[in-house]
4 protein chains.
Amino acid sequence: MSRKIVCRLFVVVAALAVVFTDQSALALSRSEIRIPDLPGYTTLKCDFHLHTVFSDGNVWPTIRVEEAWADGLDVIAITDHVEYRPHKDDINVSLNRPHEIAASLANELGIILLRGAEITRSMPPGHFNAIVLEDCDKLNVAEWRDALQNAAEQKAFITWNHPGWLQPNIIPIWYDEHTEIFNKGYMMGIEIVNDHEYYPLAFTWAIEKNITILGCSDSHSPLMFDFDNSPANRRPMTLVFAKEKSAPAVKEALLAGRTAVYAYGKLYGKEEYLRSIFTQTVEIVNPEISITGKGRGFVRLVNHSDIPFQLSADGQADQFTVPGNLTIGAGETVMLPITNKGMLQGKNPLRIPFKVDNLLTAPEAPLSVEFNIVVDFINK
Amino acid sequence: MSRKIVCRLFVVVAALAVVFTDQSALALSRSEIRIPDLPGYTTLKCDFHLHTVFSDGNVWPTIRVEEAWADGLDVIAITDHVEYRPHKDDINVSLNRPHEIAASLANELGIILLRGAEITRSMPPGHFNAIVLEDCDKLNVAEWRDALQNAAEQKAFITWNHPGWLQPNIIPIWYDEHTEIFNKGYMMGIEIVNDHEYYPLAFTWAIEKNITILGCSDSHSPLMFDFDNSPANRRPMTLVFAKEKSAPAVKEALLAGRTAVYAYGKLYGKEEYLRSIFTQTVEIVNPEISITGKGRGFVRLVNHSDIPFQLSADGQADQFTVPGNLTIGAGETVMLPITNKGMLQGKNPLRIPFKVDNLLTAPEAPLSVEFNIVVDFINK
Amino acid sequence: MSRKIVCRLFVVVAALAVVFTDQSALALSRSEIRIPDLPGYTTLKCDFHLHTVFSDGNVWPTIRVEEAWADGLDVIAITDHVEYRPHKDDINVSLNRPHEIAASLANELGIILLRGAEITRSMPPGHFNAIVLEDCDKLNVAEWRDALQNAAEQKAFITWNHPGWLQPNIIPIWYDEHTEIFNKGYMMGIEIVNDHEYYPLAFTWAIEKNITILGCSDSHSPLMFDFDNSPANRRPMTLVFAKEKSAPAVKEALLAGRTAVYAYGKLYGKEEYLRSIFTQTVEIVNPEISITGKGRGFVRLVNHSDIPFQLSADGQADQFTVPGNLTIGAGETVMLPITNKGMLQGKNPLRIPFKVDNLLTAPEAPLSVEFNIVVDFINK
Amino acid sequence: MSRKIVCRLFVVVAALAVVFTDQSALALSRSEIRIPDLPGYTTLKCDFHLHTVFSDGNVWPTIRVEEAWADGLDVIAITDHVEYRPHKDDINVSLNRPHEIAASLANELGIILLRGAEITRSMPPGHFNAIVLEDCDKLNVAEWRDALQNAAEQKAFITWNHPGWLQPNIIPIWYDEHTEIFNKGYMMGIEIVNDHEYYPLAFTWAIEKNITILGCSDSHSPLMFDFDNSPANRRPMTLVFAKEKSAPAVKEALLAGRTAVYAYGKLYGKEEYLRSIFTQTVEIVNPEISITGKGRGFVRLVNHSDIPFQLSADGQADQFTVPGNLTIGAGETVMLPITNKGMLQGKNPLRIPFKVDNLLTAPEAPLSVEFNIVVDFINK
């Protein structure tokens, strides 16, 4: 929320001359995150894993809504622990309460709030979120198998949370219990990013087994303790490509696997989704340039999204040179310099291949893209 | 609270140590400044007053082009002093040189570069810029009257620079010489903002005498010594509403008085221009709301421009309350809370008047705007 | 100009993906606020007015400790409303609970946590804080007079909170009830700054009636919703000049009136305190300079504190010129240029008077300071 | 120079109400970089490689002084290319001119300015700087051997610049010519960091052959085009441990090899220098803590320098757990959590070994440090 601060300075300083009367307004403002819609789908920014004082979190449920609104999100789920309630001496009520408390503000701010809860057991099988739930309290049963089954009976969307958390080297382990859960159809989603952790192996499993990928903040304290709105330190989120902005459409998209994960400046997901986002947002301002002699010409690339793209040259051609690395910041225009090695003359179509290092279709598999331009090489 | 963002930066550099081949690219990137076009005109961001090492400035001419590109400008003029050349022991060449040196890069980056020079005499009449010039050296004559006449014969656009500079309390004085210049038609433009100074009296004169207003950086050192890209500390600029993006169209618009000045978060200009910019960029997301009892409802206002708008309530209604002040940051959405005083029932159209304190149609004359909404007041 | 800093952030995260085991540490780090001790006293930074979920706040009590630690504070009081408990459907326990919950972490982090509560009545007399309390629940009585008396019997330090809040134009009104409270000795302190409001009239009353001044955040949401650690937008705080860092010493200093208020870049308090802070932290690096002819010399001023100082010239001398305004940023060195008007020759001691516009000993009364230097004026 | 911006906002906004009169002061302010002195030596921050418009740079020489002052440097050398003068059509004077032009301002600001020049030949042997020169023009000879010899005869300090620049993968190659230069005693220093490049192999050579290491910006454009004052993106610099702050003392220290390189958040140099800096600046606030049961205690570590330190655990003990990674930001205090594994009871001295990953005594050789604390393990 860095951009806001500058603006706020105006008000403050002007106000000190007299007095400040802005108190009734929300302290926060919202900045949209520019990520394009996919053909036929609207791109919703979602955080499906959040805690409040009703389990072991440290904020009131409405704070989760205000944070989400300010952060440019569209959908959140509050998912307090069913079995772990360290504040129960002071707060000992239904686990449906956080949702009930936050629902009105969410509606007022246009945030879709999904009812959720976290089934919290030791590994295996570990923690599982159930979202789009009807009644959180029904999950409070002795056996984890019963809890999952109950969630499924409520037609909840169920995900395996932070599969590598507390495992050696943060590498997830797939136990027999996970096979059992998967075979029952309960492993509908899997977090490949949770808080500050990323699990490449979970990403691989998701691809192999066709499990929907999620990235979640799992925030317990105020979000700003851990994240800000810079591209590199933004809260992790799940991009959901939904038929419309509604709770049922979010659930449909989750079940259909139409998600990507945006976390720490990287975008993880299916090639078609990532390619669509890249090609819609990176534009060549001047696709025809001329270069004189062994000189240099500039192709201007503009990034219309709020996702910075980090390109690395995918090999080098014999006839011309491009930089090994190029980053196109959020909303920025950069220069791609092309240097003639002297072998080309006249108008030539050039195909310049790059890897987009922060768009990953699988672990270690950056998206391949090409810029197609025409260069007129002029002899001196 | 300084979260550990700074620390995380480190790991990066390890990578740079291994490969860093980005050296041939420009160090800077460009961020566009989102200000809408006016009906029939394109909005060009311009700085018509810049110095280089060729007079008393401290940068090479190409730097002015790189800075302008990075800052989101479309048009600049290099206007070195004709008569004041403190570097002449080391640089003693034609005053057309800075333009010649910078022209190629300007063309490559899509920046319109106007040839200019500053006629630099003691007050009265002070300093005058001539831009869209053919030959700067011809202005190097003994009499200032001859210099201005020569500029006019070259069909240059002539402006009175920083009229309040070095005057007591920075208040400009209109001497007989200025009447003479005005009567000859040579006072085509006047700087109401120069560097960090603003001259309200010059703004008043410009309105009364129909002189085109300009805001210029008059930068001598690297721009970043004095300015950054935050809304409150951006370089001053002249917005030119031109028929197209071309040097002749810029000149036509200047002669026709189609400009506004954007400086230090404030926009100065004719009411029609300012109103068009405001109404095109501030949108009411939810123009129909409901309020229950003596409660509060939120109207969401989004600002699609990069100009923050600072609103103050233009009086308070008897039936409802709005905040005294509200700032809508660049690209942000804010909440306008409306509190029912209990007198209204059912659906009511409300007109909520505000002053936009940073959009000034004359000194001390903020733009008046109105938000028209419909509120459904619901009895509890 | 947005250099590619943002972009560089990325590579980092790659590393985090591989190993991120920092999770058990606190997310926040602490930055000390450099403000000097006064002779014989240690300067403690305090916020005596904070809310949690136990009344109408939105954070768990431990969050107030973590925020305070990160913000460089030494002392806080949690002061939940005695009578206003909107979360009571979910949280209905003793008002001593927030203190009990936060005490252990406060101890671990070296933060002094004072037990407090806010007696919350309509105006008159409005809201009063009682801090250094023994039992908050005892204040829960029908009559406000009884509540104040009970607090006094517990030997609490009692303050009138935000006296101008919700008053017309935020100007406080002194009712008969306040005279009654004052005469009983219960108006020991008064907030001259609360949240984003400043009450000059309360400051005047405090000076006239010898009431201890306080500045408090009165925060309900996460602190970062409203404040950051920039000098202009830091949380308001009370500086307490205590004999040592201990709860009893804080109380002794409060009762003795040894406080100042630091809020929004301004420091309010007694002249002796402000002068001591200024003279201890602003140093003239080179108190002897030479100026040749009608030239200019630079005196270097360094500010060893984290409080920026905003100076304005207190008149101009006939013999030399200094800038009208000069800001010395936190921890920065700036140049004070002195320009010879040509009347002085040889070594001259100069006394250069300034007002420190952001150090206020009373409303509209900036601290007067003088820089004493020696200038050797050399004829060319 | 980010901290300055916030402060400046004050002035601006206050000033807009009236007018701004601060124009005569320097635009920049100085922020010191807190790095401790070594026993017997003062730590000077130096940039020995800078260009101006007098060769292929883009700023006037005084700008290099202003930048250095603002950036907290103590010493710079302007080192324009002897043989490469692309601006010679407009500037064709002695290469001693940049030094002569900048000397007066350097003196006024307390910056030591060393006369320098860059002998600019194709590889081998590549580019060499000669600093603390008497006459730059004498290096303008046909043979590079003669140029180096002439520099040596002037008793200049000679360094091999950016040895890996334009080499495949930026890996330097040691040619026979370099052996020749080394054997003559002319390879007194070597850049291990230049601009955004780091050459680990050059660092290894420097250790093996006892060559003084340097890190230089080699800036051609305004410094702020490429760097800011954040720890991760600060201009590269050479730390010189000199007997006093004077030009001769700088030269003595360079010849004696008492330097370290500070670049992109990393510090490169001899173990004794790095250890002294670390131990002087990282302090354990509470070296005695207690831990109850299998719980967790916090050791508070404060970093009194402006260099962030990145620690990684050097193995894990059987009896307790510490985080794998911990960063102590510039001027910050962080918590080092220590978790009991349950095997220890009573007071135990613990030695906790860490690697400081950004303090490198050789390529891939982080400094080893130990924190010595006492923990009282209390049974529940």
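**Figure 1. The hairpin of β4(A) and β5(A) in the predicted model.** Between its two strands the hairpin has 6 residues. Within this hairpin, G126(A) adopts a positive phi near 85 degrees. Strand β4 (residues 112-120) of chain A pairs with β5(A) in the antiparallel sense, over 5 bridges. In β5(A), A130(A) is the bridge partner of A117(A).

**Figure 2. Strand β5 (residues 127-131) of chain A and its covered faces.** Of the 5 residues of this strand, 5 are buried. One side carries H127(A), N129(A) and I131(A), and the other carries F128(A) and A130(A); both faces are covered. β5(A) is also joined to strand β6 (residues 157-160) of chain A, by 4 bridges, and these two strands run antiparallel. Within that pairing, W160(A) in β6(A) is the bridge partner of F128(A).

**Figure 3. The buried side of helix α4 (residues 144-153) of chain B.** The buried residues of this helix are W144(B), A147(B), L148(B) and A151(B). Because they cover an arc of only 95 degrees around the axis, they lie on the same side of α4(B). An α-helix has 3.6 residues a turn, so residues three or four places apart point the same way. The elements that cover the buried residues of α4(B) include the strands β4 (112-120), β5 (127-131) and β6 (157-160) of chain B, together with the helix α5 (176-183) of chain B. K155(B), which follows α4(B), has a positive phi, near 60 degrees.

**Figure 4. The contact between domain 1 and domain 2 of chain A.** The domain assignment of chain A places domain 1 at residues 30-269 and domain 2 at residues 281-378. Taken over C-alpha atoms, the centres of the two domains of chain A are separated by 38 Å. Where the domains touch, 13 residues of domain 1 of chain A are in contact with 12 residues of domain 2 of chain A. On the domain 1 side, α6 (200-209) and β12 (266-269) of chain A each supply at least two residues. The largest share of that side, 4 residues, comes from α6(A).

**Figure 5. Chain A as the setting for the views of its strands and domains.** Chain A contains 8 helices and 21 strands. The C-alpha trace of chain A spans about 85 × 65 × 40 Å along its principal axes. Of the 380 residues in chain A, 53% are buried. Among contacts in chain A with a separation of 6 or more, 66% are between residues 24 or more positions apart.

Terms used:
Residues numbered from 1 in each chain as written. Chains lettered and ligands numbered in written order. Predicted model: local features only at pLDDT ≥ 70, side-chain atom pairs only at ≥ 80, totals over all residues. Buried ≥ 20, exposed ≤ 12 C-beta atoms within 10 Å, placed from the backbone. Arc of directions from axis to C-beta. Contact = placed C-beta atoms within 7 Å. Domains from an automatic or database assignment. Pairing = 2+ DSSP bridges.
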